[in-house]
Amino acid sequence: MTAVKFCGLRTEADVDAAIHVGCDLVGLNFVSASPRVVDTRAASEIVGSFGSKMLFAGVFKDQSESEVRQVLAAVPLDFLQFSGQESAAFCDSFDMPYLKSVHVTGSFDFDQERDQYPSAFAYLLDSMSELGGGSGKTFDWERFPTAPNAKVMLAGGLTPNNVAMAIQKTRPWGVDIASGIENADHSKNRELMVQFMQGVRSVSA
C-alpha cells in the first residue's frame, strides 16, 4: 500500500478525520509564513490527543536550531520534515528520523540529493514553492526517479482526481497532499480526504 501523508492539518477534527480515512502520517506545519501554520500549543494538544493513533511530522523551512528544539520540547513528534536549504549536518543534529523535501527544478538530480542527505528516512519530491510546499502545482512526473533504492514520496498538485494516475506513473513509496484536500480557506475537507484515499487504494496493493 502506498504510504499517505496529509500535510498542514491544524485541528483535532482534521486529525480525527485523517485517522478514520486511513492516512499514515500527518504533517504539522511550523513555518510561520505558511497559511497552514499551527502554533505550538495547538500542536501539543493534537499530538497529546492522537499520538497513540497517528504518526506526526513537524514541517520546518530554514528555521534555526533553537526554533526546532523549542517545538520539540513541547510537541512529541515522530518525524521532522525539512523543506528548505538545511544542511545534512543540521538535519542529522536532532537525532530523529527526517524527511527531506526536494524541489524538482531544472537542475534536479535525485542521485545527488540522496547522496547529499544519505541518512534521510525518506525524500519528498515537490514542485517549487516559496513556502516549502502546498503550492497545488505538479511537476513533470517523467522526472520522478525509477528504482531509486530509497523511500521517495510524491508531492505537488495531487488531488483526488489525479492521485491514481500519479501513482501508476511514478510508483512512489508514498504520496503527500495539502491543498488538494482543502477548502478555499485552507481548512481540510473530510470528503476530499475520503476521495483521495479511494484514489490511492484503487491502484495500491
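Accessible areas here come from the Shrake-Rupley method with a 1.4 Å probe. The model shown in all views is predicted.

**View 1. The whole chain and its surface.** The chain exposes about 9,100 Å², of which carbon and sulfur atoms supply 47%. Buried residues account for 52% of the 205 residues. Along its principal axes, the C-alpha trace spans about 40 × 40 × 30 Å. Secondary structure consists of 7 helices and 8 strands. The radius of gyration is 16 Å, close to the 17 Å from the globule rule for 205 residues, so the chain is as compact as a globular protein of that length. Of the contacts between residues at least 6 apart in sequence, 56% join residues at least 24 apart.

**View 2. The barrel.** In the order S1-S2-S3-S4-S5-S6-S7-S8, 8 strands close into a barrel with parallel pairing. Neighbouring strands of this sheet are turned against each other by 25° on average, direction ignored.

**View 3. Strands S7 and S8.** Strand S7 (residues 152-154) runs parallel to strand S8 (residues 174-177), and 2 bridges join them. Leu 154 has Val 175 in S8 as its bridge partner.

View 4. Helix H2 (residues 40-50) contains Ala 43. Ala 43 counts as buried because its relative accessibility is 0%, the cut-off being under 20%. Beyond its neighbours within four places in sequence, Ala 43 is in contact with Leu 28, Phe 30, Val 38 and Val 75.

**View 5. Ala 43 and Gln 168.** These two residues lie 125 residues apart along the chain, and their C-alpha atoms are separated by 34 Å.

Notes:
Residues numbered from 1 in each chain as written. Predicted model: local features only at pLDDT ≥ 70, side-chain atom pairs only at ≥ 80, totals over all residues. Heavy atoms only, no water. Pairing = 2+ DSSP bridges. Helix = DSSP H or I, 4+ residues; strand = E, 2+ residues; numbered from the N terminus. Axes fitted to C-alpha atoms, helices over the stretch in contact; angles between N-to-C directions. Buried < 20%, exposed > 50% of the residue type's maximum accessible area, 1.4 Å probe, protein only. Contact = heavy atoms within 4.5 Å. Rg over C-alpha atoms; globule rule 2.2 N^0.38 Å.
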